[in-house]
Amino acid sequence: MPQSRRTFLRDGLCSAVSLAVLLASSRVGLSQQTPKQEIGRVPPGSDVPLEAQKDPVYLFREETFKPYVDGIFQAPNARGEMIELRLVKLQSFKASAKLTSRTRETKSFSLLFKASDELPPFTSIHTIKHPALGEFGLFLTKRTTDDGGIYYEAVINHFQ
C-alpha cells in the first residue's frame, strides 16, 4: 500500500529529531573529562557512606592492634559459646606497583588469629569481642594447617 506524502514527511521528521536528541545526549555524556589536577585526588570520606564511617573498623589502624598481638579475642560459635581467637600475626601491606594514573594510596594490613575451635561456616562476618577494643564485625576467612591448626584471617584496607 502506498504511503502518503504527509505520513512520509512526519515519520522522517520524527526520526531525524529523535536521532539528533540521541546524538546530542551521547556527545555530552561521552565527552566529559576530569581536569588534570583532579586525577588521583579523592576528597577524604566523600565516597564512604556515613553508616560505614560509624563502624569501629573504619577507625582501626595497624597501630590499633599492635599492642594486642598474642592477645585473646573472642567470637561466638554456632551454639553461642565463645571461641578464643589468639592474634598471632599482624602484617602490613604496601602498594607494590602503580597500575594506572588513578591509583589511590592505601593503608592495608592483615590479622591472623589462631582459633581454639571452628567458627560457624554459614557466615563469614563474625562478631569479635575484645576487652579494650569492644565489639566489632570482621570478615574472616578460614585457614587450616597440615597439623590440624585452625586459623582465621582478616584483611583491613583503608583508602587515604
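Where in the chain does Asp 70 lie? Asp 70 is found in the loop between helix 4 and strand 1. Its phi angle is near 75 degrees, a positive value in a residue other than glycine. The model under discussion is predicted, and local features are considered where pLDDT is at least 70.

## Overall organisation

The chain contains 4 helices and 7 strands. Along the sequence these elements follow the pattern α-α-α-α-β-β-β-β-β-β-β. The chain has 160 residues, of which buried residues make up 22%. Its accessible surface comes to about 11900 Å², and carbon and sulfur atoms account for 55% of that area. Among contacts between residues at least 6 apart in sequence, 59% join residues at least 24 apart.

## The nonpolar core

The largest nonpolar core has 23 residues, and the members that touch the most others are Phe 65, Phe 73, Leu 85, Leu 111, Phe 136 and Leu 138. At least two residues of this core come from each of strand 1 (72–76), strand 2 (82–93), strand 3 (106–115), strand 5 (134–139) and strand 7 (150–159).

Phe 136 illustrates the surroundings of one such member. With neighbours within four places in sequence left aside, Phe 136 is in contact with Pro 56, Val 57, Phe 60, Phe 65, Phe 73, His 126, Thr 127 and Ile 128.

## His 130

His 130 is located in strand 4. The residue is buried, with a relative accessible area of 9%. Its side chain reaches two backbone nitrogens: that of Ala 132 at 3.1 Å and that of Leu 133 at 3.3 Å. Residues up to four places away in sequence not being counted, His 130 touches Tyr 68, Ile 72 and Phe 73.

## Charged side chains

Side chains of opposite charge can pair when their charged atoms come close. The count of salt bridges in the model comes to 5.

| Residue | Partner | Distance, N to O |
|---|---|---|
| Glu 81 | Arg 79 | 3.7 Å |
| Lys 142 | Glu 118 | 3.0 Å |
| Arg 143 | Glu 153 | 3.2 Å |

In the salt bridge between Lys 142 and Glu 118, distant parts of the chain are linked: Lys 142 is in strand 6 (residues 141–144), whereas Glu 118 is in the loop between strand 3 and strand 4 (125–130), 24 residues apart. Lys 142 is partly exposed, with a relative accessible area of 38%, and Glu 118 is likewise partly exposed, at 40%.

Arg 143 counts as partly exposed at 42% relative accessibility.

For the pair of Glu 81 and Arg 79, the two residues fall into separate accessibility classes. Glu 81 is partly exposed, with a relative accessible area of 42%, while Arg 79 is exposed, with a relative accessible area of 70%.

Glu 62, in helix 4 (residues 62–65), presents another case. Is Glu 62 buried or exposed? Glu 62 is buried, yet it has no salt bridge. The nearest side chain of opposite charge belongs to Lys 66, at 4.4 Å. Apart from neighbours within four places in sequence, Glu 62 is in contact with Leu 90, Ser 92 and Phe 109.

Ser 116 is placed in the loop between strand 3 and strand 4. At 53% relative accessibility, Ser 116 counts as exposed. Residues up to four places away in sequence aside, Ser 116 touches Ile 83 and Glu 84. Ser 116 and Met 82 are 34 residues apart in sequence, and their C-alpha atoms are 9.8 Å apart in space. The loop that holds Ser 116 is also the one in which Glu 118 lies.

Note on methods
Residues numbered from 1 in each chain as written. Predicted model: local features only at pLDDT ≥ 70, side-chain atom pairs only at ≥ 80, totals over all residues. Heavy atoms only, no water. Core = buried A, V, L, I, M, F, W, Y, C linked by side-chain atoms within 4.5 Å. Buried < 20%, exposed > 50% of the residue type's maximum accessible area, 1.4 Å probe, protein only. Contact = heavy atoms within 4.5 Å. Salt bridge = Lys/Arg side-chain N within 4 Å of Asp/Glu carboxyl O. Areas by Shrake-Rupley, 256 points an atom, 1.4 Å probe, with all protein chains shown as cover. Lys, Arg positive; Asp, Glu negative; His and termini not counted. Polar contact = N/O pair within 3.5 Å; in protein donor to acceptor, adjacent residues only side chain to side chain.
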